[in-house]
Amino acid sequence: MLFLAYLSSTAGRTTAFAGMAKGALRTSTSVARRSSSAAFVNKRSSCASQLLLPSFTAGRFSSSSSTCSIARPSAVATELEKNLGVTHPAYDIISTDIVNEFGAYCTLYRHKKSGAELLSVSTDDDNKCFGITFRTPPSDSTGVPHILEHSVLCGSRKYKTKDPFVQLLQGSLQTFLNAFTYPDRTCYVVASQNTKDFYNLINVYADAVFHPRAISDPMVHAQEGWHLELEELSQPLTYKGVVYNEMKGVYSSPDSLLQREAQHSIFPDNTYGVDSGGDPVEIPNLSFEQFAEFHKKFYHPANSRIFFAGDDDVAKRLEIMDEYLSDFEESPESKPGSVVEYQKKTYDAPKLVRKPYPAGADQPETHMIMVNWLVNDRELTPVEEITITILDHLLMGTSSSILRKTLMESGLGDAITGGGLMTELLQGVFSVGLKGVKPENVGKVEELVVETLKKVAEEGFSEDAVAASMNTIEFDMREFNTGSFPKGLSLMLGSMSKWIYDKSPTEALKFEEPLAELKATIAESGSKVFQDMIRDFLLENSHRTTVEMYPSKTLEEEQLSAEKEKLAKMKESMSEDDLKQIIDKTVELKKIQASEDPPEARATIPSLELEDLKREVTEYPIEVTENAANSGITLVQHELGSTSGIAYASLAVDVSGIPLEDVPLLPLFTRIMMETGAGEYDSVALSRRIGMHTGGVSVSTMITGVNKEGAPEGVIGEGEHFVSKLTISGKATSDKVDEMFSIFDLILRDAKLDSKAKIIELLKESKSRKESSVQGSGHSTANARIRSRYNVIGYINEMILENMRNTILAKSTCRDGMILDITGDKAVFEKIQPAVEEFLEKLPGDSQGEKLPNFYSEPHPWAKQIKEEMSKKALIVDEGFVVPTQVSYVGKGGRLYDIGEEVSGSTAVIQKFLGTGYLWDNVRVIGGAYGGFCQFQPRDGIFTFLSYRDPNLAGTIDVYDAASDSLMASAVEMEKNPEALATAIIGAIGDMDGALSPDQKGAVAFRRWLVRETPEQRQKYRDQVLNTKPSDFRDFAQRLRALKDTSAAVVSSKAAFEDASKAGKTFTLKEVM
């Protein structure tokens, strides 16, 4: 998995050194991580799904603890305490510890024979997590740790298939299954709520890392890393390989190039100065012998850190790992051989680095600038780590934070780049800058950054600013809301921030003492501690670089030409026998890739049985009160067992009265509501009020299809029935809910919508984000474009001020369209009831007003106009979007089910099977793309194929077109092999039964109610999944073969489209950049 950026939890901001962790795109979900300091630091990745890891903070200027601290039943604590110090003859106990902040009872072991360290964390969490991490500092940019991370999961001593990882994806109940590479470590992580499944996952991963097939089979290195490919003597030589193509995609992204140049510039002397993910120019220099030697050197148990967390049996943990660790003798040289050395602050003066980035023919001649500091060249104390985390939030955490705000309002650029602090590695880095900078303004960016920091160091921060930042991050940390991702994973990543550098893993998780010390310091001297830190770590620190990326409209062509020339010279220097050997190896590799695993190999992969699955749908509490407290507003409540004293609330307001031509402005409208101030508050004051009293407030739009009244469920509708809402969402402790509701009302009524300068600033930033998204996530662009051609809601999602607000808050109708949705526990609801009633009463509108149309029986007012527009604009054509890139993102889709047809739950099984089987094998393994997958929406009947960082274009479309034949063959095979069908069903159920946080449970229940989906329909759908038959695969294959109104959308380079045209695949081209 390749983590492309770190974002702050409050602002979604990109951080420099974003290529800090890479890995195999092995699941459709991706982890987002935060940096860590004494506990955790407030960063996370830009990947689609975000893992909220706990972060430090402190509260207002007092040393009292937060009101949202988690209360755990004493009986649970007593049981967990029994797990401290569980003994096993193969292990010595190094230490025991209780991390009260997270209710974690920890024992650190050392395996006597191998020297491996194992941290056993007992919690009351049934989402059990296992991870094994190796310290793997590279010495060059051949990408060896990244390629090895991909490769070790391609078969092992006990598990004989070509890719056990895929079999686990296909047929387990995993809640997390992945691996990722940092600049100095490689992590392998699994999680499951099912104990039997959890042990299966552990065994496969443990055998994979210690005894991989990859170190004895060069074909794995060739497939996952790189190889020369040649099918005929007359053809040109080419490079292929999954990681090779992945990194070509990374190196096509201007943002990624900027971040890598910044990382290399700030770390000239240690391992962080090279690219652990691999530079495409350097990757072909990695030999198989070097690859195998890297595993031998770094993958010894003595160099590992093994982690368990959850409610599973501690003795069983130790027993399972002893089976693998006992194969090894102690290796005293392993740990010393992988030590990461500090980069010393050696620069006497700041340095300037200038590099080109690939730009499109019509792209403006703008530059990207980022200023970077090496924060520390010694270990920071826990108090320093918390302090610099809060400082980072004060400077960059929100759109109103002083450094971020000053840069954006300067007009020097279009969007922020570099998001401030990154402290996940041995040393911290602070980076900030702008992109979309005109050449004449390049020097002004660095000047503005430095001058702003000088001003803050001199003047300090206001009491409100400090209180808001501290409360925001402390709330986040105490809430410990990891969403659907395992809490154990966040504990592992937090502990690893110290443990990987031979420090205490449990001390890395604690924050109360340094937090209290920081609060006391602030109470005594205000913001002085932050001012001193700005001077010490930034202003008086000459180990600073400024990276300037300038546009080159020939760089992409130059890189392609250089590669072709290099390969041509290589071919010329080879004899005919040499070339025939390459042809033979190409044939051999493709034969291996295309071959099926023999039954005896598949039988080695541990699996569940259908009897292990839960047959009933999980339902979540919901109580709906129409005209609550005679307000005319619908109140929806979800009372859960415990939400740790936190209320999660969303106010949904109907926006169906907005003219369709204004719908594209809704995303801008929601951002303005949050970023320009409201009422008596300017943007800074509003942001601080939100930070001081809540865990965050946001505004968004929600457009979702609903079931038509009287129509059978599970049937494709015409897309005319949907609800459109503007939602204001937030979370707060129960004693602060009145403040949160007051903020909701303030934003809804009095947001300042007349700031032209701010609107221009937001539009520039939005344009910059969109351009980055097209280049880096072209598959999403392709998918949205395809879906917009067939479905009303898809078309709306492809499109999107005072008059808008007046329309939304029309007195006569607005309350009928309002819904207040709240999730909390019993104590929360008892405490907040008065605040709820007061909020309902004061909201705008007439409680006895008119009724809006019933969108469950009447078409939405936008539907007719959209259909007319679609007939003219959303034409069924094959489109190509031209951008500067070395890879392609290939999408193709069409209508699988017609309006009025019923969709069976079996489609979920088949979609998963197709994505993890045929597409994985042919797009990724054989084709060399980083990812190949498919999506099907049961509500609209549209099916799409997608690829990610793909070296092919025309060939990938051929793979899509042959999918139905493969699926038909699979149907025949499943008649003979019921176990294969059972595996597919188990995998689909695993996708349906993920772990959810309290707020997510409430959100799921709310969506189900809003859509008018009945429990009976949900159970019917699950029963259909569980009862999927080979005939369902056959029926799906026939539909896929007859896919209607097919069209393609591809993001790629001009050269790739020209090659595709020669292969008979033509597109209507559009220059995007």
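Two strands count as paired when DSSP finds at least two bridges between them. The model used in these exercises is predicted.

**Exercise 1.** Which residue is the bridge partner of Leu 177 in β8? In which sense do β7 and β8 pair?

*Solution.* 
Step 1. Go to β8, residues 185–192. The partner of Leu 177 there is Val 190.
Step 2. Look at the whole pair. β7 and β8 run antiparallel and share seven bridges. The cut-off is at least two bridges, so the two strands pair.
Step 3. Seven strands form an open sheet, ordered β3-β4-β5-β11-β6-β8-β7, with mixed pairing. From one strand to the next, the twist averages 15°.

**Exercise 2.** Which strands does helix α9 touch?

*Solution.* 
Step 1. Find α9 at residues 314–325, packed on the seven-stranded sheet.
Step 2. List its contacts: β3, β4, β5, β6 and β11.
Step 3. Compare directions. α9 makes about 160° with β5.

**Exercise 3.** What are the edge strands of the six-stranded sheet, and which helices pack on it?

*Solution.* 
Step 1. Read the order: β25-β26-β24-β27-β23-β28, an open sheet with mixed pairing. The edges are β25 (931–936) and β28 (1068–1071).
Step 2. Gly 932 stands opposite Ser 947 in β26.
Step 3. α29 (906–916) touches β25 and β26, at about 165° to the direction of β25. α30 (918–926) also touches β25 and β26, at about 140° to the direction of β25.

Terms used. Residues numbered from 1 in each chain as written. Predicted model: local features only at pLDDT ≥ 70, side-chain atom pairs only at ≥ 80, totals over all residues. Heavy atoms only, no water. Helix = DSSP H or I, 4+ residues; strand = E, 2+ residues; numbered from the N terminus. Contact = heavy atoms within 4.5 Å. Axes fitted to C-alpha atoms, helices over the stretch in contact; angles between N-to-C directions.
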